[in-house]
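Please examine the sequence and the structure shown below. The briefing that follows treats its strands, cores and helix packing by topic.

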Amino acid sequence: VGNDNIVNLFNEGHLEVLTIFAAQASLIVANALLLNELKVDNEALRERLDDMLFGSIVGTSPVMRNVFRTLEKVAPTDVSVLVQGETGTGKELIAREIHERSARKDGPFVTINTAAIPENLLESELFGHVRGAFTGAVATRIGKFQAADGGTLFLDEIGDMPIALQVKLLRALQERTVIKVGGSKPESIDIRVIAATNRDLKEAIQNNEFREDLY
(Lines give C-alpha, C1' and ligand atoms only; values in the text may rest on other atoms or scores of the structure.)
Protein backbone atom coordinates (compact mmCIF):
# COMPACT_ATOMS: atom_id res chain seq x y z
CA VAL A 1 0.00 0.00 0.00
CA GLY A 2 3.01 2.24 -0.13
CA ASN A 3 3.99 4.39 -3.10
CA ASP A 4 7.33 6.26 -3.20
CA ASN A 5 6.03 8.60 -5.92
CA ILE A 6 3.39 10.16 -3.70
CA VAL A 7 4.67 11.79 -0.52
CA ASN A 8 2.67 11.61 2.71
CA LEU A 9 -0.11 9.52 1.12
CA PHE A 10 -0.44 7.51 4.38
CA ASN A 11 0.14 8.42 8.00
CA GLU A 12 0.56 6.54 11.29
CA GLY A 13 -3.24 6.41 11.73
CA HIS A 14 -3.59 4.55 8.45
CA LEU A 15 -0.89 2.11 9.57
CA GLU A 16 -2.78 1.36 12.77
CA VAL A 17 -6.00 0.71 10.85
CA LEU A 18 -4.16 -1.49 8.36
CA THR A 19 -2.53 -3.48 11.16
CA ILE A 20 -5.88 -4.16 12.81
CA PHE A 21 -7.45 -5.11 9.48
CA ALA A 22 -4.54 -7.42 8.58
CA ALA A 23 -4.82 -9.20 11.93
CA GLN A 24 -8.53 -9.86 11.36
CA ALA A 25 -7.98 -10.84 7.75
CA SER A 26 -5.28 -13.35 8.71
CA LEU A 27 -7.70 -15.04 11.14
CA ILE A 28 -10.35 -15.28 8.43
CA VAL A 29 -7.86 -16.81 5.98
CA ALA A 30 -6.54 -19.23 8.62
CA ASN A 31 -10.08 -20.35 9.49
CA ALA A 32 -10.95 -20.76 5.81
CA LEU A 33 -7.89 -22.95 5.29
CA LEU A 34 -8.77 -25.01 8.37
CA LEU A 35 -12.39 -25.40 7.22
CA ASN A 36 -11.26 -26.53 3.78
CA GLU A 37 -8.91 -29.08 5.37
CA LEU A 38 -11.75 -30.40 7.53
CA LYS A 39 -14.00 -30.71 4.47
CA VAL A 40 -11.33 -32.67 2.62
CA ASP A 41 -10.78 -34.96 5.62
CA ASN A 42 -14.52 -35.43 6.06
CA GLU A 43 -14.96 -36.38 2.41
CA ALA A 44 -12.10 -38.86 2.66
CA LEU A 45 -13.64 -40.43 5.79
CA ARG A 46 -17.05 -40.61 4.09
CA GLU A 47 -15.52 -42.43 1.12
CA ARG A 48 -13.78 -44.87 3.46
CA LEU A 49 -17.03 -45.46 5.36
CA ASP A 50 -18.93 -46.01 2.10
CA ASP A 51 -16.44 -48.76 1.29
CA MET A 52 -17.17 -50.39 4.66
CA LEU A 53 -20.97 -50.06 4.57
CA PHE A 54 -23.41 -52.65 3.34
CA GLY A 55 -26.70 -50.87 3.92
CA SER A 56 -26.75 -50.27 7.67
CA ILE A 57 -24.06 -52.89 8.36
CA VAL A 58 -20.38 -51.97 8.71
CA GLY A 59 -17.73 -54.57 7.97
CA THR A 60 -14.57 -55.07 5.94
CA SER A 61 -13.24 -58.45 7.03
CA PRO A 62 -13.24 -61.36 4.54
CA VAL A 63 -15.87 -63.13 6.66
CA MET A 64 -18.22 -60.13 6.55
CA ARG A 65 -17.63 -59.66 2.83
CA ASN A 66 -18.69 -63.27 2.35
CA VAL A 67 -21.83 -62.59 4.39
CA PHE A 68 -22.60 -59.58 2.19
CA ARG A 69 -22.23 -61.67 -0.97
CA THR A 70 -24.64 -64.24 0.47
CA LEU A 71 -27.15 -61.50 1.31
CA GLU A 72 -26.97 -60.13 -2.23
CA LYS A 73 -27.89 -63.57 -3.57
CA VAL A 74 -30.63 -64.38 -1.04
CA ALA A 75 -32.37 -61.02 -0.64
CA PRO A 76 -34.01 -60.77 -4.11
CA THR A 77 -35.55 -64.24 -3.73
CA ASP A 78 -38.62 -65.00 -1.60
CA VAL A 79 -37.30 -68.04 0.26
CA SER A 80 -37.45 -68.38 4.03
CA VAL A 81 -34.12 -67.63 5.69
CA LEU A 82 -32.49 -68.83 8.91
CA VAL A 83 -29.85 -66.52 10.43
CA GLN A 84 -27.57 -68.17 12.94
CA GLY A 85 -25.08 -66.48 15.25
CA GLU A 86 -24.17 -65.68 18.82
CA THR A 87 -26.22 -63.20 20.85
CA GLY A 88 -25.30 -59.61 20.01
CA THR A 89 -23.82 -60.32 16.57
CA GLY A 90 -26.52 -58.37 14.70
CA LYS A 91 -28.87 -61.05 13.42
CA GLU A 92 -31.77 -58.57 13.25
CA LEU A 93 -29.59 -56.18 11.20
CA ILE A 94 -29.04 -58.99 8.72
CA ALA A 95 -32.77 -59.70 8.60
CA ARG A 96 -33.62 -56.03 8.02
CA GLU A 97 -31.04 -55.80 5.25
CA ILE A 98 -32.57 -58.83 3.51
CA HIS A 99 -35.98 -57.13 3.75
CA GLU A 100 -34.66 -53.79 2.44
CA ARG A 101 -33.07 -55.47 -0.57
CA SER A 102 -36.12 -57.57 -1.44
CA ALA A 103 -39.22 -56.90 -3.50
CA ARG A 104 -41.06 -56.62 -0.16
CA LYS A 105 -39.12 -53.56 1.02
CA ASP A 106 -42.21 -51.34 0.82
CA GLY A 107 -44.17 -53.78 2.99
CA PRO A 108 -44.02 -54.09 6.79
CA PHE A 109 -41.07 -55.56 8.67
CA VAL A 110 -42.56 -57.18 11.78
CA THR A 111 -40.43 -58.67 14.54
CA ILE A 112 -41.24 -60.97 17.44
CA ASN A 113 -38.91 -62.52 19.99
CA THR A 114 -40.41 -65.96 20.48
CA ALA A 115 -38.33 -66.53 23.63
CA ALA A 116 -39.59 -63.41 25.37
CA ILE A 117 -43.31 -64.31 25.30
CA PRO A 118 -44.88 -66.93 27.61
CA GLU A 119 -45.90 -70.11 25.81
CA ASN A 120 -49.61 -69.63 26.62
CA LEU A 121 -49.59 -66.23 24.90
CA LEU A 122 -47.21 -66.92 22.02
CA GLU A 123 -49.73 -68.64 19.76
CA SER A 124 -52.09 -65.66 20.03
CA GLU A 125 -49.20 -63.25 19.35
CA LEU A 126 -48.25 -65.18 16.23
CA PHE A 127 -51.62 -66.08 14.77
CA GLY A 128 -54.11 -63.76 16.51
CA HIS A 129 -57.29 -64.72 18.32
CA VAL A 130 -61.04 -64.35 18.03
CA ARG A 131 -63.22 -62.65 20.59
CA GLY A 132 -63.91 -64.90 23.57
CA ALA A 133 -61.15 -67.39 22.70
CA PHE A 134 -59.82 -67.10 26.25
CA THR A 135 -60.19 -64.94 29.33
CA GLY A 136 -59.32 -61.38 28.41
CA ALA A 137 -59.93 -61.81 24.68
CA VAL A 138 -62.50 -59.02 24.50
CA ALA A 139 -62.04 -58.43 20.77
CA THR A 140 -60.81 -60.27 17.69
CA ARG A 141 -57.14 -59.45 17.06
CA ILE A 142 -54.72 -60.26 14.28
CA GLY A 143 -51.32 -61.76 15.04
CA LYS A 144 -47.83 -60.99 13.79
CA PHE A 145 -48.31 -63.19 10.71
CA GLN A 146 -51.20 -61.09 9.44
CA ALA A 147 -49.54 -57.85 10.55
CA ALA A 148 -46.62 -58.74 8.27
CA ASP A 149 -48.85 -59.45 5.26
CA GLY A 150 -47.14 -58.19 2.10
CA GLY A 151 -43.84 -57.87 3.94
CA THR A 152 -41.41 -59.77 6.15
CA LEU A 153 -41.88 -61.51 9.50
CA PHE A 154 -38.74 -61.82 11.64
CA LEU A 155 -38.94 -64.62 14.22
CA ASP A 156 -36.11 -64.09 16.69
CA GLU A 157 -34.84 -66.91 18.93
CA ILE A 158 -36.75 -69.50 16.91
CA GLY A 159 -34.72 -72.25 18.58
CA ASP A 160 -36.57 -71.63 21.85
CA MET A 161 -40.06 -72.00 20.35
CA PRO A 162 -42.11 -74.76 22.05
CA ILE A 163 -42.49 -77.97 20.03
CA ALA A 164 -46.30 -77.69 19.91
CA LEU A 165 -46.08 -74.27 18.26
CA GLN A 166 -43.40 -75.46 15.86
CA VAL A 167 -46.05 -77.75 14.31
CA LYS A 168 -48.40 -74.80 13.74
CA LEU A 169 -45.58 -72.66 12.41
CA LEU A 170 -44.66 -75.38 9.91
CA ARG A 171 -48.27 -75.57 8.73
CA ALA A 172 -48.42 -71.79 8.31
CA LEU A 173 -45.22 -71.83 6.25
CA GLN A 174 -46.37 -74.71 4.07
CA GLU A 175 -49.96 -73.64 3.49
CA ARG A 176 -49.49 -69.86 3.69
CA THR A 177 -52.54 -69.63 5.94
CA VAL A 178 -53.14 -68.98 9.63
CA ILE A 179 -55.99 -69.91 11.94
CA LYS A 180 -56.63 -67.57 14.86
CA VAL A 181 -56.79 -69.01 18.37
CA GLY A 182 -60.42 -69.94 18.96
CA GLY A 183 -61.20 -69.75 15.25
CA SER A 184 -61.65 -72.37 12.56
CA LYS A 185 -61.33 -70.43 9.30
CA PRO A 186 -57.93 -70.48 7.54
CA GLU A 187 -56.88 -67.00 6.43
CA SER A 188 -54.36 -66.46 3.63
CA ILE A 189 -51.12 -64.61 4.25
CA ASP A 190 -48.46 -63.32 1.90
CA ILE A 191 -45.27 -63.04 3.91
CA ARG A 192 -41.62 -63.92 3.88
CA VAL A 193 -40.28 -65.46 7.08
CA ILE A 194 -36.78 -64.80 8.38
CA ALA A 195 -35.86 -66.62 11.58
CA ALA A 196 -32.84 -66.27 13.84
CA THR A 197 -31.30 -68.32 16.62
CA ASN A 198 -28.13 -68.54 18.67
CA ARG A 199 -28.67 -72.27 19.22
CA ASP A 200 -27.24 -75.19 17.29
CA LEU A 201 -30.48 -76.43 15.73
CA LYS A 202 -28.95 -79.67 14.48
CA GLU A 203 -28.06 -80.52 18.06
CA ALA A 204 -31.54 -79.44 19.19
CA ILE A 205 -33.04 -81.82 16.61
CA GLN A 206 -31.01 -84.70 18.02
CA ASN A 207 -32.27 -83.79 21.50
CA ASN A 208 -35.88 -83.72 20.22
CA GLU A 209 -36.11 -80.01 21.03
CA PHE A 210 -36.61 -78.83 17.46
CA ARG A 211 -38.54 -80.39 14.60
CA GLU A 212 -36.39 -81.62 11.74
CA ASP A 213 -39.12 -80.96 9.15
CA LEU A 214 -39.36 -77.32 10.27
CA TYR A 215 -35.57 -76.99 10.09
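How many bridges join strand 5 (residues 152-156) to strand 8? Four bridges join these two strands, which run parallel. This is a predicted model, in which local features need pLDDT of at least 70, side-chain atom pairs count only at pLDDT 80 or more, and totals for chains, interfaces and linings use all residues. Residues are numbered from 1 along each chain as its sequence is written, and side-chain values use heavy atoms, with hydrogens and water left out.

- Helices (H or I, at least four residues) and strands (E, at least two) are DSSP runs, numbered from the N terminus.
- Two strands pair if DSSP finds at least two bridges between them.
- Strand 8 covers residues 192-197, and six of its six residues are buried, where buried means under 20% relative accessible area, exposed over 50% and partly exposed in between (1.4 Å probe, protein chains only).
- Arg192, Ile194 and Ala196 point one way from strand 8, while Val193, Ala195 and Thr197 point the other way.
- Strand 3 (residues 81-84) runs parallel to strand 8 and is joined to it by four bridges; glutamine 84 stands opposite threonine 197.
- Phenylalanine 154 has isoleucine 194 in strand 8 as its bridge partner.

**Nonpolar cores**

- A nonpolar core is a set of buried Ala, Val, Leu, Ile, Met, Phe, Trp, Tyr and Cys residues joined through side-chain atoms within 4.5 Å.
- The largest nonpolar core has 25 residues, of which Leu126, Phe145, Leu153 and Leu155 touch the most other members.
- Among the elements that give two or more residues to this core are strand 4 (109-113), strand 5 and strand 8; helix 6 gives the most, with four residues.
- A second, separate core of 14 residues includes Ile57, Phe68, Val81 and Ala196.

**A buried histidine**

- Histidine 99 is found in helix 3 (residues 91-100) and counts as buried because its relative accessibility is 2%.
- Beyond residues up to four places away in sequence, histidine 99 touches several residues, including Arg104, Phe109 and Thr152; contact means heavy atoms within 4.5 Å.

**Packing of helix 4 and helix 6**

- Helix 4 and helix 6 pack at an angle of about 10°, with their axes 11 Å apart, so helix 4 is roughly parallel to helix 6.
- Axes are lines fitted to C-alpha atoms, for helices over the stretch in contact, and angles run from 0 to 180 degrees between N-to-C directions; angles under 35 degrees count as roughly parallel, over 145 as roughly antiparallel, 65 to 115 as roughly perpendicular and the rest as oblique.
- Leu122, Glu123 and Phe127 in helix 4 meet Leu165, Lys168, Leu169 and Ala172 in helix 6.
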